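Q: I am new to this structure and would like to learn how to read its features one at a time. Could we go through them together?

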Amino acid sequence: MENDYLTNEKLKYKFLNNFDLANFGIKYARNKIVNDEQVTLKEVLHMLIELPNIVEKKA
């Protein structure tokens, strides 16, 4: 990742709430593990950051 953020700045517009964000990340990691693939937290975060924004940014 180009910058290491200490907050959820890059993720707050990806999902409607933090529960959806966490559940999506867990399901992604679980799916990788079930398919006998290794996954790191860094990979999961990178995948989440690459998702398109679904919530409009407030001006």
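Q: Is F24 buried, exposed or partly exposed?

A: Keep in mind that this is a predicted model. The general idea is that a residue counts as buried under 20% relative accessible area and as exposed over 50%, with partly exposed in between. Here F24 has a relative accessibility of 35%, so F24 counts as partly exposed, whereas F15, at 13%, counts as buried.

Q: How many aromatic pairs are found in the whole structure?

A: A search of the whole structure finds 1 aromatic pair. The rings of F15 and F24 have centres 5.3 Å apart and planes at 50°. Planes under 30 degrees apart count as stacked and those over 60 as edge-to-face, with the rest counted as tilted, so the pair of F15 and F24 is tilted.

Q: What is the secondary structure of the chain, and what share of its residues is buried?

A: Secondary structure is read as a count of helices and strands, and the chain comes to 2 helices and 0 strands. Of the 59 residues in the chain, 20% are buried. The accessible surface of the chain comes to about 5,100 Å², and 54% of that surface belongs to carbon and sulfur atoms.

Q: Which residues of α2 are buried, and what does their cover include?

A: The buried residues of α2 are V44, M47, L48 and I49, and what covers them includes α1.

Q: Where is K32, and is K32 buried or exposed?

A: K32 has its place in helix α1, and with a relative accessible area of 18% K32 is buried. Leaving aside residues up to four places away in sequence, K32 touches E37, Q38 and V39.

Q: What share of the contacts between residues at least 6 apart in sequence joins residues at least 24 apart?

A: This feature is read by asking how far along the sequence the two partners of a contact lie. Among the contacts in the chain between residues at least 6 apart, 64% join residues at least 24 apart.

Key. Residues numbered from 1 in each chain as written. Predicted model: local features only at pLDDT ≥ 70, side-chain atom pairs only at ≥ 80, totals over all residues. Heavy atoms only, no water. Helix = DSSP H or I, 4+ residues; strand = E, 2+ residues; numbered from the N terminus. Buried < 20%, exposed > 50% of the residue type's maximum accessible area, 1.4 Å probe, protein only. Contact = heavy atoms within 4.5 Å. Areas by Shrake-Rupley, 256 points an atom, 1.4 Å probe, with all protein chains shown as cover. Phe/Tyr/Trp six-rings, centres within 6.5 Å; stacked < 30°, edge-to-face > 60°.
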